[in-house]
Amino acid sequence: MKFALLSTLFAAASAFTAAPVARQSTQLAAGKADLKAIATAANPVVNFYDPLSLADAEFWGDSNEATIGFLRHAEIKHGRVAMFAFVGYCVQSNVHWPWPMTTAGDSFPSTDLSPEAQWDAIPEAAKWQILVVISFLELWGEQSGDENAHYMRGGQPGKFPSFDLFRKTVHPVPFNLYDPFGLSKGMSAEKKEKRLVMELNNGRLAQIGIMGFLAADKVPGSVPALNGLAQPYDGDVMAPFTAHYHLFN
């Protein structure tokens, strides 16, 4: 069962015990020196590894600091999405929600289908609802202001803005996406540093995990460790609307 594999990977993730980060900033701020300190804390064996020299680049004619801020934010975001995806994949492989999926009373796809095939089986309108919410969160995450500098302009990479402005001007929202219960308010700077590095490591592991699942389902035998768990899938994971039509046709 994939839940067993999930437990195994979580155990592996716990092995990435974060060493204390040199007192640079509680924000994992942009800057090559900060990258080297974070890399050492995240994995003292590998340390700073940048074979493409991306940490020296200047994307789109912007500064090196802005480029590092972009790269840091991108890695954190991809890691978070991968963690959601990995856990979601395991849940969808084993749990069938008992309530109706649509107002017409249609049930959720069976767990006999792979998670990829389950996505293909849900109505087109449901897919659009999911993508619209994701698009909103993406756009909201790019906003900046006096209290929330953009990550390419000295702000904290990975920090997601609160919904306070949305609550005041558009519609009430019960929780913020980041730290909805305010658990981090009383944390020390050292603990925040350690948890941020742990998040990086877990996100990196989750990216490997979810891509392993997708590869194993799409190309049988490509991930030997998953040979007994993979559910063959003949669709296209890179074409989310392929069951209805292709976005680019």
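Along the sequence, the protein reads α-α-α-α-α-α-α. That is seven helices and zero strands. The model is predicted. Of the 249 residues of the protein, 32% count as buried. Among contacts between residues at least 6 apart in sequence, 55% join residues at least 24 apart.

**Packing of α2 and α7**

- Helix α2 spans residues 32-42, and helix α7 spans residues 189-218.
- The two helices pack at an angle of about 70°, with their axes 9 Å apart.
- That angle makes α2 roughly perpendicular to α7.
- On the α2 side, the contact is made by Ile 38, Ala 41 and Ala 42.
- On the α7 side, Val 197, Leu 200, Asn 201 and Arg 204 make the contact.
- By class, the residues of this contact are five nonpolar, one polar and one charged.

**Second largest pocket**

- The second largest pocket holds about 620 Å³ of space.
- Its lining counts 22 residues.
- Phe 48, Tyr 49, Asp 50, Glu 75 and Arg 204 lie nearest the centre of this pocket.
- Arg 204 also belongs to the contact of α2 with α7.
- Helices α2, α3 (64-94) and α7 each supply at least two residues of the pocket lining.
- The most come from α7, with five residues.
- The pocket lining divides into 15 nonpolar, three polar and four charged residues.

**Cavities**

- The whole structure has four cavities of 30 Å³ or more.
- The largest cavity has a volume of about 60 Å³.
- Its lining is made up of His 73, Gly 141, Gln 143, Asn 148, Ala 149, His 150, Tyr 151, Gly 155, Gln 156 and Lys 159.
- These lining residues divide into two nonpolar, seven polar and one charged.
- The second largest cavity has a volume of about 50 Å³.
- Glu 75, Ile 76, Gly 79, Arg 80, Glu 199, Leu 200, Gly 203, Arg 204 and Gln 207 line the second largest cavity.
- Two or more residues of that lining come from each of α3 and α7.
- Here α7 gives the most, with five residues.
- The lining of the second largest cavity has two nonpolar, three polar and four charged residues.

- Leu 200 and Arg 204 of α7 take part in the contact with α2, and both line the second largest cavity.
- Glu 75 is among the residues nearest the centre of the second largest pocket, and Glu 75 also lines the second largest cavity.
- Helix α7 gives the most to the lining of the second largest pocket and the most to the lining of the second largest cavity.

Notes. Residues numbered from 1 in each chain as written. Predicted model: local features only at pLDDT ≥ 70, side-chain atom pairs only at ≥ 80, totals over all residues. Heavy atoms only, no water. Axes fitted to C-alpha atoms, helices over the stretch in contact; angles between N-to-C directions. Helix = DSSP H or I, 4+ residues; strand = E, 2+ residues; numbered from the N terminus. Parallel < 35°, antiparallel > 145°, perpendicular 65-115°, else oblique. Contact = heavy atoms within 4.5 Å. Nonpolar A, V, L, I, M, F, W, Y, C, P; charged D, E, K, R; others polar. 1 Å grid on protein atoms, 1.4 Å probe; cavity = no way out; pocket = protein on both sides within 12 Å on 5 of 7 lines; lining within 4 Å. Points joined across faces, edges and corners; volume = space filled by probe spheres on them. Buried < 20%, exposed > 50% of the residue type's maximum accessible area, 1.4 Å probe, protein only.
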